[in-house]
Amino acid sequence: MATGPHRLEFDVLEGWERLPGGMAFVEVAGVAVDSRDRVYVFCRGKLPVIVFDREGRFLTAWGQGTFTTPHGICIDRQDRLYLADSGDHTLRQFTPDGALLMTLGRSGQATDTGFEVNVSPVQRAAGPFNRVTNAAVLPTGELYVADGYGNARVHKFAADGTWQFSWGEPGSGPGQFNLPHGIAVDSAGQVYVADRENSRVQVFTPGGEFLREWGWVNRPDDLFIDGQDTLYIAELGFQVANVSPPHYRFMEAPPPGHTPYARVTLCDPDGKIMAQIGGEQALLPGNFIAPHGIWVDSRGDFYVGEVVKASGALAKFAPLPCHAFQKFMRRE
């Protein structure tokens with residue numbers, strides 16, 4: 001399941017999560033793990049936030065009627081949750097049991113970027129938010145927020161929610177974005193942005209100055225950086241259709257040098273690959289259809305959420321919730 005000089009290997013744990021009867025993920029937009037290894041699944045079912053303990057036992061669920069389009073999730077050192085609602089144009093901070101603490105952005109009001117769904121791409125950069133995608137929180141409580149579907153910016157906020165500065169504009173050059181989707185910060189304060197539709201990860205200084213980019217990724221959706229500065233990248237890949245299992249046909253040719261199927265890649269801060277997980281037969285456990293969110297717990301196990309229905313990838317042939325959520329346990 002893994003390649004690379006570090007020989008990191010993982011096993012998928014089928015059925016790890018124990019959902020109560022009648023409860024469903026539908027799709028999992030994001031996942032985060034708190035200081036006690038409780039796992040928060042941000043999904044598009046009737047109960048958008050579903051919480052499990054480290055052994056997969058159901059603890060609680062909340063958020064019914066709260067979110068328009070669940071999208072991204074992150075958690076800080078005080079176990080406060082930051083939930084990006086792309087349909088509502090807001091990023092909200094909650095306690096672990098669902099009490100609202102703070103809202104960034106104006107509910108239901110998008111900033112003017114010239115973007116119209118299925119009509120016009122982003123024409124110009126603007127302030128927070130237009131279909132906000134995800135956030136990364138610093139130990140200080142400061143936030144970097146990726147503002148992607150309807151904007152082309154990264155925004156920096158103080159811990160109290162005060163806007164500080166932004167950078168980015170539509171395009172494919174250094175510091176430009178075509179759907180900044182995921183975001184993470186390493187121990188040196190460098191900011192990594194999953195520039196999805198440019199199929200690259202861009203790296204910036206804490207002040208937003210461009211440092212470098214990696215162009216080998218396949219439409220990166222989400223990023224997570226662990227305590228050793230290992231970067232976990234959830235790569236959406238390029239849309240696929242199933243002819244008849246186990247045969248697969250790719251509908252969109254990837255750029256030269258890119259692999260068409262979805263995967264998770266582990267690499268160091270210089271972009272050197274340590275492991276890659278996922279294969280062409282997307283419906284099989286341990287492979288991926290549309291990986292959208294990723295997080296790592298204290299033991300080095302990682303969790304991946306997928307959005308099969310929204311992506312269109314294999315949706316006709318993958319009855320929901322075909323591995324909408326998977327846990328991978330690191331081998332000793």
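Let us start with His292, a residue of strand S24, where strands (E, at least two residues) and helices (H or I, at least four) are DSSP runs numbered from the N terminus. This is a predicted model, in which local features need pLDDT of at least 70 and side-chain atom pairs count only at pLDDT 80 or more, while totals for chains, interfaces and linings use all residues. Residues are numbered from 1 along each chain as its sequence is written, and side-chain values use heavy atoms, with hydrogens and water left out.

His292 has a relative accessible area of 4%, so it is buried (under 20% relative accessible area; exposed is over 50% and partly exposed in between, with a 1.4 Å probe and protein chains only). A polar atom of the His292 side chain lies 2.7 Å from the backbone oxygen of Ala29. Leaving out residues up to four places away in sequence, His292 touches, among others, Arg44, His71, His181, Asp221, Asp222 and Glu306; contact here means heavy atoms within 4.5 Å.

On a 1 Å grid over the protein atoms alone, a pocket is an open set of points where a 1.4 Å probe fits, with protein on both sides within 12 Å along at least five of seven lines, and lining residues have an atom within 4 Å of a point. Grid points are joined across faces, edges and corners, and the volume is the space filled by probe spheres set on them. Of the 38 lining residues, Ile75, Phe224, Ile225, Asp226 and Trp295 are the closest to the centre of the largest pocket. The elements that give two or more residues to this lining are strands S6 (70-75), S10 (132-137), S14 (180-185), S18 (220-225) and S24 (291-296). By class, the lining has 19 nonpolar, 7 polar and 12 charged residues; Ala, Val, Leu, Ile, Met, Phe, Trp, Tyr, Cys and Pro count as nonpolar, Asp, Glu, Lys and Arg as charged, and the others, Gly among them, as polar.

The second largest pocket holds about 320 Å³ of space. Its lining has 17 residues, with Phe115, Pro121, Tyr149, Asn178 and Leu179 nearest the centre. These lining residues divide into 9 nonpolar, 4 polar and 4 charged. Tyr149 is also one of the residues that His292 touches.

Now for the packing. In soluble globular proteins, nonpolar side chains tend to be buried together. The largest nonpolar core has 57 residues, and those with the most contacts inside it are Leu91, Leu143, Phe302 and Phe325. Such a core is a set of buried Ala, Val, Leu, Ile, Met, Phe, Trp, Tyr and Cys residues joined through side-chain atoms within 4.5 Å. Strand S3 (residues 39-43) gives the most to this core, with 5 residues. Another core lies apart from it, with 14 residues, among them Ala136, Tyr144, Trp167 and Val191.

Phe302 is found in strand S25 (residues 302-306) and counts as buried because its relative accessibility is 0%. Beyond its neighbours within four places in sequence, Phe302 is in contact with residues including Phe10, Tyr232, Ile294, Trp295 and Phe328. Phe302 and Val33 are 269 residues apart in sequence, yet their C-alpha atoms are 9.5 Å apart in space.

His155, in strand S12 (residues 153-157), is another buried residue, as its relative accessibility is 0%. The side chain of His155 makes a polar contact with the side chain of Asp147 at 2.9 Å. A polar contact is a pair of N or O atoms within 3.5 Å; within protein, one must be able to donate a hydrogen and the other to accept it, and residues adjacent in sequence count only if both atoms are side-chain atoms. His155 also touches Pro128 and Phe129, and these two residues are joined by a cis peptide bond with omega of about -15°.

That brings us to backbone geometry. Most residues other than glycine have a negative phi, and most peptide bonds are trans. Asp37, in the loop between strand S2 (28-33) and S3, has a positive phi near 60°. Arg219, in the loop between strand S17 (210-214) and S18, has a positive phi near 50°. Asp37 counts as buried at 3% relative accessibility, and Arg219 counts as buried at 9%.
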